[in-house]
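Please keep the structure open while going through them.

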Amino acid sequence: LRRRLARTPSAVVHANGVKAGLVAALATVGSRAPVIWVKHDFSWDGPLTRFVAARSAKVIGVSAAVLETFAPRNGKFEVVHNAIPLAAHDAETARARLHTILGTTGPVVVLVGRLDPIKGHRELIAAAPTVVERHPDVRFAFVGGEDRSHAAVADELRREAGERFTFLGHREDAVELLAGADVVVIPSVGDPRGFGREGFPYVGLEALSVGTPVVGYRDGG
């Protein structure tokens with residue numbers, strides 16, 4: 001990147017994420033090209049992110065939460081929330097389709113996320129008995145594929161989940177399934193490195209865009 005910038009001077013370098021931010025911060029030493037760093041999450045918060053921020057002309061956070069590590073902040077920090085195109089799905093049609101897929105007529109709780117420990121599938125499994133007490137005909141659906149970094153997690157979750165849970169895998173029609181759900185859950189949990197806390201989750205935006213309520217921990221974005 002440094003050689004490329006030397007050959008072709010740029011008015012600005014857009015660094016999307018912390019790894020890109022680190023590369024851009026190092027590649028532009030001695031250069032006049034300002035770095036605009038977009039910070040999406042909490043990964044590597046601490047000395048590394050403070051170094052990248054110091055080398056950036058502007059730091060854009062997708063939520064106020066992801067900028068908390070820089071307190072107190074000055075004018076170089078700004079929040080610009082993620083945005084998505086609005087999806088048009090008829091709720092009743094989507095609900096009928098989701099019920100057909102799951103073989104149920106009762107309420108449906110959906111979690112969208114790869115089968116990774118940080119996405120909180122076990123949090124929902126643990127909460128399920130309380131939900132069942134109040135809604136005996138409830139069903140739960142996990143939408144998301146397996147994570148190669150955590151290959152054993154998928155089998156473990158299937159053993160732990162029980163018959164009320166359906167694993168739908170990766171779905172191109174995930175937003176339509178969100179439109180058919182009664183509630184979408186985002187129970188993500190962070191690890192010591194900051195991975196897992198939600199910066200400003202697209203799943204929440206997608207659910208709200210189709211009118212489906214969202215439940216999540218009061219944490220992060």
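1. Which residues of helix α8 (residues 202-209) are buried? They are Val203, Gly204 and Ala207, where buried means under 20% relative accessible area, exposed over 50%, and partly exposed in between (1.4 Å probe, protein chains only). Helices (H or I, at least four residues) and strands (E, at least two) are DSSP runs, numbered from the N terminus.

2. These residues lie on the same side of α8, because they cover an arc of only 100° around the axis, the arc being that of the directions from the helix axis to the C-beta atoms. The elements that cover the buried residues of α8 include β5 (108-112), α7 (174-180), β8 (183-186) and β9 (214-216). After α8 comes Gly211, which has a positive phi, near 85°.

3. A word on the basis of these notes. The model is predicted, and local features need pLDDT of at least 70, side-chain atom pairs count only at pLDDT 80 or more, while totals for chains, interfaces and linings use all residues. Residues are numbered from 1 along each chain as its sequence is written, and side-chain values use heavy atoms, with hydrogens and water left out.

4. On the overall layout, the chain holds 8 helices and 9 strands, and its C-alpha trace spans about 65 × 35 × 35 Å along the principal axes. Of its 221 residues, 43% count as buried. Among contacts (heavy atoms within 4.5 Å) between residues at least 6 apart in sequence, 61% join residues at least 24 apart.

5. The largest nonpolar core has 21 residues, of which Val13, Trp37, Ala53, Val59, Leu67, Phe70 and Phe77 touch the most other members; such a core is a set of buried Ala, Val, Leu, Ile, Met, Phe, Trp, Tyr and Cys residues joined through side-chain atoms within 4.5 Å. At least two residues of this core are supplied by each of β1 (13-16), α2 (18-27), β2 (35-39), α3 (47-54) and β3, and the largest share, 3 residues, comes from β2. Apart from this core lies another, of 18 residues, among them Ala94, Val110, Leu168 and Leu177.

6. Lys76 deserves a separate look. This residue sits in the loop between β3 (58-61) and β4 (77-79), and it is buried yet has no salt bridge, the nearest side chain of opposite charge, Glu78, being 13 Å away. For charge, Lys and Arg count as positive and Asp and Glu as negative, while His and the chain ends are not counted; a salt bridge is a side-chain nitrogen of Lys or Arg within 4 Å of a carboxyl oxygen of Asp or Glu.

7. What does the side chain of Lys76 reach at 2.8 Å? It reaches the backbone oxygen of Ala53, and a polar atom of the Lys76 side chain also lies 2.8 Å from the backbone oxygen of Ser56. Leaving aside neighbours within four places in sequence, Lys76 is in contact with Ala53, Ala54, Ser56, Ala57, Lys58 and Val59. Ala53, with residues up to four places away in sequence not counted, touches Trp37, Val59, Phe70, Lys76 and Phe77.

8. In helix α6 (residues 151-161), the buried residues are Val153, Ala154, Leu157 and Ala161. They are on the same side of α6 because they cover an arc of only 100° around the axis. An α-helix has 3.6 residues a turn, so residues three or four places apart point the same way. The face turned away from the buried side of α6 carries the exposed residues Ala151 and Arg159, whereas the buried residues pack against α5 (121-134) and β7 (165-169).

9. Most residues other than glycine have a negative phi, and most peptide bonds are trans. Trp44, in the loop between β2 and α3, has a positive phi near 65°, and it counts as partly exposed at 41% relative accessibility. Ala71 and Pro72 are joined by a cis peptide bond, with omega about -10°, and Pro72 is found in the loop between β3 and β4.

Key:
Polar contact = N/O pair within 3.5 Å; in protein donor to acceptor, adjacent residues only side chain to side chain.
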